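Hello,

Here is the structure I promised to pass on. Please open it first, then read my notes below.

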Amino acid sequence: MNIRNLAIIAHVDHGKTTLIDGLLGQAGVFSQHREVSDRVMDSGDLEKERGITITAKNAAFTWKDSLINVVDTPGHADFGSEVERALFMVDGAFLLVDAAEGPLPQTRFVLNKALQQGIRLAVVINKVDRPDARIQEVEEQVLELFYDLASDEEQVNYPTVYASAKEGWASMDPKKRGQNLSPLLDLIIDHMPSPRVQQEAPFHMLVADRRYDSFVGHIAVGRVEAGSIQEGQQMQLVGASNETKPFAVSALQQIWGLSTKRVKELSAGNIALVAGVENPQIGDVIQVCDGPHIARSLHVDPPAVSVRVSVNTCPLAGREGTYLT
């Protein structure tokens, strides 16, 4: 099956999760008689209350004989590391921009990260149904942003789609209202690249996320970069200092719909959830036991604000007050 791994990136509250709701509904993920809440990808209570995404989440569906893995990323600068980790699992991304507000600070941040990793992009001008939409101005602002951040001319040649995620339609023409979200789904198949992986090389996978399940324990999440992995297979986890931890794959899962399903084997290009390894860390590498060590390639930017707690070095230290240290 053809695979497309896609992220949806944007500034907070520009409609990422609502758009994913529409894509999942269009692809038939929700059964006919199932009651579906708004923003199904917002799973936490705080996310539901605030209407924002805090942790990156995955969903998967099929469209025209292709498996599409979608990652919904946070749009707030406080959760920037979630965006960076998600981008390591995808090859393409939709940059979502509000048709009235235009590009905002986090739009610049996520676009810069995507361009640095060579991810193929398409721009979605969302909320074009708003009465205060200014589509042409926003398009010009987005183009200026690309020219400011892009490192080569090819990165500026991106398609633009005009959509209303809330009303569930998209169009390639800003003057025409679409019927559904098929133009977006077709664009994923036609424009986004297949995973850049090595099918015949020995298995390895970079840990880009981790979860915990009370039944199977720690779960390492990442895209299979090379080879294939089977349930019960002997593997090793290579840490930051090249220390190795051998383990057996106790459970193997892949994203399916809004949940996961257990599988016996996954090949390169798929997003895998691997259980059996104790306490995996972001950036660790899972690989075959007899293979050469694979260099870590996931580096998340440090926080923009840091705090150092140390002994008081002020000139007045120890001269007044009750607690002189």
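A residue counts as buried here when its relative accessible area is under 20%, and as exposed when that area is over 50%. Keep in mind that this is a predicted model.

Start with helix H6, residues 182-191. Its buried residues are Ser-182, Leu-184, Leu-185, Leu-187, Ile-188, Ile-189 and His-191. That is 7 of the 10 residues in H6, so the helix is largely enclosed by the rest of the structure.

Next, helix H5. It has 15 residues. From first C-alpha to last it reaches 21 Å, close to the 21 Å expected at 1.5 Å a residue. Which residues of H5 are buried? They are Ile-135, Val-138, Val-142, Leu-145, Phe-146 and Leu-149. These residues cover an arc of only 100° around the axis, which puts them on the same side of H5. The other side of H5 has exposed residues: Gln-136, Glu-144 and Tyr-147.

What covers the buried residues of H5? The cover includes strand E4 (92-98), helix H4 (105-116), strand E5 (120-126) and strand E6.

Strand E6 deserves a look of its own. It is mostly covered, with 5 of its 5 residues buried. Thr-160, Tyr-162 and Ser-164 lie on one side, Val-161 and Ala-163 on the other. Both faces of E6 are covered. E6 also pairs with E5, in the parallel sense, over 3 bridges. Opposite Thr-160 in E6 stands Val-123.

Now the aromatic rings. Two rings pair if their centres lie within 6.5 Å, and planes under 30 degrees apart count as stacked. By this rule there is 1 aromatic pair. The rings of Phe-146 and Tyr-158 have centres 4.2 Å apart and planes at 25°, so this pair is stacked. Phe-146 sits in helix H5 (residues 135-149), while Tyr-158 is in the loop between H5 and strand E6 (160-164), so the pair ties together parts 12 residues apart in sequence. Are the two partners buried or exposed? Both Phe-146 and Tyr-158 are buried.

One more ring to find: Trp-256. Lys-261 lies over its face, at 3.9 Å from the ring centre.

Phe-146 is among its buried residues, and the ring of Phe-146 stacks with that of Tyr-158. E6 is part of what covers the buried residues of H5.

Best wishes

How values were computed:
Residues are numbered from 1 along each chain as its sequence is written. This is a predicted model: local features need pLDDT of at least 70, side-chain atom pairs count only at pLDDT 80 or more; totals for chains, interfaces and linings use all residues. Side-chain values use heavy atoms; hydrogens and water are left out. Rings of Phe, Tyr and Trp (its six-membered ring) pair if their centres lie within 6.5 Å; planes under 30 degrees apart count as stacked, over 60 as edge-to-face and the rest as tilted. Helices (H or I, at least four residues) and strands (E, at least two) are DSSP runs, numbered from the N terminus. Buried means under 20% relative accessible area, exposed over 50%, partly exposed in between (1.4 Å probe, protein chains only). A charge sits over a ring if NZ of Lys or CZ of Arg is within 6 Å of the ring centre and within 35 degrees of the ring normal. The expected span of a helix is 1.5 Å times one less than its number of residues. The arc is that of the directions from the helix axis to the C-beta atoms. Contact means heavy atoms within 4.5 Å. Two strands pair if DSSP finds at least two bridges between them.
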